[in-house]
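Please look over the structure below together with its sequence before turning to the notes on its helices and core.

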Amino acid sequence: IHLKQALDLKPAEPLFWRALGICYTEKEEFTLALRYLKKVNQDAEIAFYLGLAYEHNGNIDKAIKIWQSALEKFDPHLSLNLSDFSRICYHLGHAFANKKKLDWAHYYLGNYFELEGKPAQARYHFQKAKNLTKDKALKVKIGKKPNLKEPKKEDKK
């Protein structure tokens, strides 16, 4: 209620649009969320919520496009909030699984676990993606992942 009142006082304030869009997404009022989130400059957090709103409105392809674009545009290592990136990867994994593109689903779940600091789970998903894919671009992406290799066991002295 207060955000809507604030928006009535300053209708051009993007901080209010941002907050309302996130609130409506959290309340699962995705059509209203889209109305506000589409007006806001995208960062990783907005991309997450915007994609979520599109996904729940039945436009999985648009959600995937937004999430993939965010991952390409923003550097998770320069972000203050890595959870935005891990949430995007998690949802991308599930969106691709729903589209029966399991190679990409495993790739993004591998990224999710990598960002969450779980290398064994990341390795599992990257290996599954590698075994499933025939996509050359995906093979290149997987090949760049350091978590694909098993950690070396130290020799006992």
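The report that follows describes a predicted model, beginning with a helix and moving on to the nonpolar core.

## Helix α2 and what follows

Helix α2 has 13 residues and reaches 18 Å from its first C-alpha to its last, which is close to the 18 Å expected at 1.5 Å a residue. After α2 comes Glu28, whose phi is positive, near 60°.

## Leu32 in helix α3

Leu32 lies in helix α3, which covers residues 30–37. Between Leu32 and Ile22, which are 10 residues apart in sequence, the C-alpha to C-alpha separation is 10.0 Å.

## The largest nonpolar core

The largest nonpolar core contains 39 residues, of which Leu37, Trp67, Ile88, Leu92, Phe96, Tyr107 and Tyr108 touch the most other members. At least two residues of this core are supplied by each of α2, α3, α4, α5, α6, α7, α8 and α9, and the largest share, 8 residues, comes from α4 (44–56). In soluble globular proteins, nonpolar side chains tend to be buried together.

Once its neighbours within four places in sequence are left aside, Leu92 is in contact with Ile64, Trp67, Gln68, Leu71 and Tyr108. Two of these partners, Trp67 and Tyr108, are named with Leu92 among the residues that touch the most other core members.

Terms used. Residues are numbered from 1 along each chain as its sequence is written. This is a predicted model: local features need pLDDT of at least 70, side-chain atom pairs count only at pLDDT 80 or more; totals for chains, interfaces and linings use all residues. Side-chain values use heavy atoms; hydrogens and water are left out. Helices (H or I, at least four residues) and strands (E, at least two) are DSSP runs, numbered from the N terminus. A nonpolar core is a set of buried Ala, Val, Leu, Ile, Met, Phe, Trp, Tyr and Cys residues joined through side-chain atoms within 4.5 Å. Buried means under 20% relative accessible area, exposed over 50%, partly exposed in between (1.4 Å probe, protein chains only). Contact means heavy atoms within 4.5 Å. The expected span of a helix is 1.5 Å times one less than its number of residues.
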